[in-house]
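Hi everyone, thanks for making time.

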Amino acid sequence: MGCDFTGLRNRFAKEYKQRAIDIQTSMLLEYAPIQLKKAYQNSTFRNRTYNLADSYIWVVYYKGIVKGSGYLWGGRRANINSTYGTQSVNGRQLANQFISLYSSGEISGWEMVLAATAPYASNLETGESRTRQFYVISSIYDEVTSDFKGKAKINFIINS
């Protein structure tokens, strides 16, 4: 008498793989908001209207699908929009738009995005519009890189 365990092995492998995916996703969903808050706490810009802070967002993707996202605070903190050139800036609205407009591309695994979506965030980071650079979100780069210990590709991109 013989037994064929192929179906059981395949079922176990699928369940094990899904469990590992769920655990990794859960860990990133806990990690991302902590790092976003650290970035804000280490920021060096002056927050006059809170629209830049309202524009901070984290998103975790798995195979290009949003698994979770969030902000620094539960609600919008700015009482008025800020102005950038002739553009009215509502930081929370820009953060919300980011989720629907951002494409994670051909990622076969996870992608964690931490962003400050206000249009002037990049100018503050690079010092482009002033004589001094400010930390907006880049202050956490070294810590995130260290936390992943070379097991992840880390990109720091300043979009203007």
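Predicted model: local features only at pLDDT ≥ 70, side-chain atom pairs only at ≥ 80, totals over all residues.

**A tyrosine and a strand**

Let's start with Tyr141, which is partly exposed, with a relative accessible area of 33%. Residues are numbered from 1 along each chain as its sequence is written, and side-chain values use heavy atoms, leaving out hydrogens and water.

Tyr141 lies in helix α5, residues 141-148. Helices (H or I, at least four residues) and strands (E, at least two) are DSSP runs, numbered from the N terminus.

Now, strand β1, residues 56-62: is it enclosed or open? Seven of its seven residues are buried, so β1 is largely enclosed by the rest of the structure. In a regular strand, side chains alternate between the two faces of the sheet. In β1, Tyr56, Trp58, Val60 and Tyr62 are buried on one side, and Ile57, Val59 and Tyr61 are buried on the other.

Who sits beside it? Strands pair if DSSP finds at least two bridges between them. β1 runs antiparallel to β5 (residues 110-116), joined by seven bridges, and Tyr56 has Ala116 as its bridge partner there. Six bridges join β1 to β2 (residues 65-71), also antiparallel, with Tyr61 partnering Val66. The β1-β2 hairpin has two residues between the strands, and Lys63 takes a positive phi near 50 degrees.

Notes. Buried < 20%, exposed > 50% of the residue type's maximum accessible area, 1.4 Å probe, protein only.
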